[in-house]
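Here are my notes on the model.

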Amino acid sequence: MPKKIVVALGGNAIATKDGSAGAQLNSIKQTAEVLAQFVKAGNQLVVTHGNGPQVGNLLLQMTKGQSKGNPPMPLDTVGAMTQGSIGYWLQKSLSEIFEKENIQKTTATIVTQTIVDQNDEAFHAPSKPIGPFYSKAKVIAYQKEHPGYVFAEDAGRGYRRVVASPRPINIKEAPLISLMLENGMVPIAAGGGGIPVIKTADGSLTGVEAVIDKDFSAAKLAENIGADELIILTAVDYAYINYGKSSQKKLGEVTVHETMEYLEQGQFAAGSMLPKIQAANDFVSNTNGQAVITSLKNVSHLITGRSGTVITN
């Protein structure tokens with residue numbers, strides 16, 4: 001039975017070794033071939049994606065080329081820039097596949113704003129690393145130029161700037177995304193978690209220096225548009241408990257109650273599987289839908305029958 005599906009692409013669906021536009025476009029073309037399978041099966045599809053490597057690359061370019069008359073852009077604007085570039089690659093690739101295979105669909109990228117709470121505790125404890133690595137001396141120099149920047153050591157490889165990662169409250173453009181689906185389109189939205197914005201006293205929206213986890217934004221978008229299914233694509237076919245141990249066990253069909261117990265046991269790694277499980281739980285708990293965590297290469301099995309880690313109520 002056809003479904004309304006939100007697919008969240010992991011960085012492995014886009015990232016390449018050399019980081020050039022051509023290489024990333026070629027990678028995305030292969031990803032688009034997989035995404036087209038959902039449309040061929042008759043589903044309504046919304047595509048979301050990460051942008052971590054691209055944001056880091058762009059910040060590095062800006063930092064190296066900055067001057068008094070050409071300062072680096074703020075983080076919300078950098079997020080918008082990468083939403084545009086990655087969205088362009090995705091919609092170009094999907095459009096070519098639709099035309100080649102005579103699929104009567106159009107696709108477009110929505111520069112998406114994600115509303116967050118200005119009182120979110122994350123703003124008082126920046127934790128999301130972005131951009132390049134720096135030496136301790138370079139950090140001291142940068143903090144003189146930018147007193148508001150916070151840096152933290154990252155896995156012994158040097159220091160990186162860290163920013164807040166607040167939870168999304170709502171996706172501003174969700175009504176437009178729903179309208180696109182109703183008119184037979186394939187929206188590409190909430191890239192990189194969306195542009196983080198807060199509501200000011202006068203009701204307007206203001207961008208903030210933060211990065212929202214793309215899986216949480218995908219879950220919120222899926223909730224906002226009444227999706228039947230949230231699919232989080234990552235590097236592995238399943239989520240596991242006791243990962244890397246002799247007692248390792250893949251998770252097939254599980255309930256939110258079961259995954260909550262595993263979360264309490266500390267079964268999932270922070271910055272890796274943990275936010276995916278949490279985002280999946282959020283979506284399933286707030287809707288009548290189900291969430292799936294699996295790999296890009298496992299999609300054909302997922303479409304033809306249940307596969308991957310499937311989380312339900």
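1. In helix H2, the buried residues are Gln-54, Val-55, Gly-56, Leu-58, Leu-59, Met-62 and Thr-63. Buried means under 20% relative accessible area, exposed over 50%, and partly exposed in between (1.4 Å probe, protein chains only). H2 covers residues 52-65, 14 residues in total. Its first and last C-alpha atoms are 20 Å apart, close to the 20 Å expected at 1.5 Å a residue. The expected span is 1.5 Å times one less than the number of residues. Helices (H or I, at least four residues) and strands (E, at least two) are DSSP runs, numbered from the N terminus.

2. A word on provenance. This is a predicted model, in which local features need pLDDT of at least 70 and side-chain atom pairs count only at pLDDT 80 or more, while totals for chains, interfaces and linings use all residues. Residues are numbered from 1 along each chain as its sequence is written, and side-chain values use heavy atoms, with hydrogens and water left out.

3. Just after H1, Gly-42 takes a positive phi of about 90°.

4. Next, the sheet. Four strands form an open sheet in the order S8-S4-S10-S11, with mixed pairing. Strands S8 and S11 (205-207) stand at the edges with a single partner strand each, so one side of each has no neighbour in the sheet. The twist averages 40° from one strand to the next. Axes are lines fitted to C-alpha atoms, for helices over the stretch in contact; angles run from 0 to 180 degrees between N-to-C directions.

5. Helix H6 (residues 214-224) packs on this sheet and touches S4 and S8. Contact means heavy atoms within 4.5 Å. The direction of H6 makes about 50° with that of S8.

6. How is S4 paired with S10 and S8? S4 (residues 113-116) runs parallel to S10 (residues 195-199), joined by 3 bridges. S4 runs antiparallel to S8 (residues 168-171), again with 3 bridges. Two strands pair if DSSP finds at least two bridges between them. In S10, Ile-195 is the bridge partner of Gln-113, and Val-197 is that of Ile-115. In S8, Ile-171 partners Thr-114.

7. The structure holds 11 salt bridges. The criterion is a side-chain nitrogen of Lys or Arg within 4 Å of a carboxyl oxygen of Asp or Glu. One of them joins Glu-96 to Lys-92, with closest N and O atoms 3.0 Å apart. Both residues lie in helix H3 (residues 75-100), 4 residues apart, about one turn. Glu-96 is partly exposed at 37%, and Lys-92 is partly exposed at 28%.

8. Asp-282 and Arg-167 also form a salt bridge, at 3.2 Å between the closest N and O atoms. This pair links distant parts of the chain, 115 residues apart: Asp-282 is in helix H8 (residues 273-286), Arg-167 in the loop between S7 (159-163) and S8. Asp-282 is partly exposed at 31% relative accessibility, as is Arg-167 at 38%.

9. Glu-253 meets Arg-306 in a salt bridge at 2.7 Å, N to O. Both are exposed.
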